[in-house]
Amino acid sequence: MALLPILVAPDPRLKLKAKPVEEVDERVRRLMDEMAETMYAAPGIGLAAPQVGALLRVVVADVSKGDGERQLLRMANPEILWQSEELAIYNEGCLSLPEHYADVERPAEAKIRYLDHEGKRQEIHAQGLLATCLQHEIDHLEGTLFVDHISSLKRNIILRKLAKTKRSKELEPA
Ligand code: K1U
Ligand code: ZN
């Protein structure tokens with residue numbers, strides 16, 4: 001199983017809308033498994049396929065943070081069926097915006113339908129960090145990043161810093 005390179009913003013591929021999975025076949029299962037391995041190695045608590053350059057509606061998440069048993073979710077075509085009116089604020093990070101964090105307000109709970117690793121339809125009622133994480137990952141499938149939920153002033157500061165870091169890395173000798 002391979003670790004996949006994670007795209008870092010600003011990258012136009014992170015702003016594209018991902019396409020639905022037609023069938024959870026071996027290729028999709030392999031993508032899910034490689035994304036999970038990449039997420040654990042990063043380390044992260046979630047990862048969406050567009051972050052590894054695959055424009056498909058696939059997400060993985062595990063918010064257990066190494067406390068006890070792994071609670072890995074592998075999802076194709078996740079759909080939000082319901083979101084609570086109650087909101088929650090979490091200081092979010094993103095593997096595509098390394099070392100940047102901001103408070104983001106989202107619905108505190110969400111009901112999500114998806115296809116699992118075997119292609120079976122499932123529904124989950126997520127709360128707490130899992131609800132935050134899954135909404136963040138489903139945003140990635142629409143080309144939306146957590147910085148799109150904060151003020152344009154804060155967003156531009158973060159994106160400018162990331163662009164500067166990228167330029168200086170490109171100038172580094174090989
Ligand atoms: O989508 C991503 O880039 C992954 C992102 C998920 C996320 C984090 C926080 C709120 C919402 C969604 C991350 O995993 S960033 C890294 C992170 O949060 C973390 C890493 C190690 C241990 C605990 C948390
Ligand atoms: Zn992210």
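This is a predicted model: local features need pLDDT of at least 70, side-chain atom pairs count only at pLDDT 80 or more; totals for chains, interfaces and linings use all residues.
Residues are numbered from 1 along each chain as its sequence is written, chains are lettered from A and ligands numbered from 1 in the order in which they are written, and side-chain values use heavy atoms, with hydrogens and water left out.

Student: Which protein atoms are the donors of the zinc ion (ligand 2)?
Tutor: Donors are N, O and S atoms within 2.8 Å of the metal (3.2 Å for Na, K and Ca), and because water is not among the atoms, sites may look incomplete. Along the chain, the donors of the zinc ion follow the spacing C-x41-H-x3-H. Lying 2.1 to 2.3 Å from the zinc ion, the protein donors are C94 (SG), H136 (NE2) and H140 (NE2).

Student: Where in the chain do C94 and H140 lie, and how many residues apart are they?
Tutor: Helices (H or I, at least four residues) and strands (E, at least two) are DSSP runs, numbered from the N terminus. C94 is in the loop between β4 (87–92) and β5 (102–107), whereas H140 is in helix α2 (residues 128–141). The pair thus links distant parts of the chain, with a separation of 46 residues.

Student: Are C94 and H140 buried or exposed?
Tutor: The classes rest on relative accessible area, with buried under 20%, exposed over 50% and partly exposed in between (1.4 Å probe, protein chains only). C94 has 10% relative accessibility, and H140 has 2%. Because these values are under 20%, C94 counts as buried and H140 also counts as buried.

Student: Which polar side-chain atom lies 2.7 Å from an oxygen atom of ligand 1?
Tutor: A residue is near a molecule if one of its heavy atoms lies within 4 Å of it, and 16 residues surround ligand 1, the closest being I45, G46, Q51, L95 and E137. A polar contact is a pair of N or O atoms within 3.5 Å; within protein, one must be able to donate a hydrogen and the other to accept it, and residues adjacent in sequence count only if both atoms are side-chain atoms. A polar backbone atom of L95 is 2.7 Å from an oxygen atom of ligand 1, and a polar side-chain atom of H140 lies 3.4 Å from an oxygen atom of this ligand. The side-chain atom asked for, at 2.7 Å, belongs to E137.

Student: Which element gives the most residues to the lining of the largest pocket?
Tutor: On a 1 Å grid over the protein atoms alone, a pocket is an open set of points with protein on both sides within 12 Å along at least five of seven lines, and lining residues have an atom within 4 Å of a point. The largest pocket holds about 570 Å³ of space, a volume being the space filled by probe spheres set on the points, which are joined across faces, edges and corners. Of its 30 lining residues, P43, G44, I45, G46 and L95 are the closest to the centre, and the elements that give two or more residues are α1 (26–41), β4 and α2. With 6 residues, the element that gives the most is α2.

Student: How many charged residues are in the lining of the second largest pocket?
Tutor: About 220 Å³ of space lies in this pocket, and its lining includes E99, H100 and K161. Ala, Val, Leu, Ile, Met, Phe, Trp, Tyr, Cys and Pro count as nonpolar, Asp, Glu, Lys and Arg as charged, and the others, Gly among them, as polar. The lining divides into 3 nonpolar and 2 polar residues, and the charged ones number 4.

Student: Where is P43, and what is the omega of the peptide bond from A42 to P43?
Tutor: P43 has its place in the loop between α1 and β1 (46–48). The peptide bond from A42 to P43 is cis, with omega near -5 degrees.

Student: What phi does E99 have, and is E99 buried or exposed?
Tutor: E99 sits in the loop between β4 and β5, and has a positive phi of about 70 degrees although it is not a glycine. Because its relative accessible area is 74%, E99 is exposed.

Student: Which side chain does R106 join through a polar contact of 2.7 Å?
Tutor: R106 lies in strand β5 and counts as buried at 5% relative accessibility. The polar contact of 2.7 Å joins the side chain of R106 to that of E92.

Key. On a 1 Å grid over the protein atoms alone, a cavity is a set of points where a 1.4 Å probe fits but cannot get out, and a pocket is an open set with protein on both sides within 12 Å along at least five of seven lines; lining residues have an atom within 4 Å of a point.
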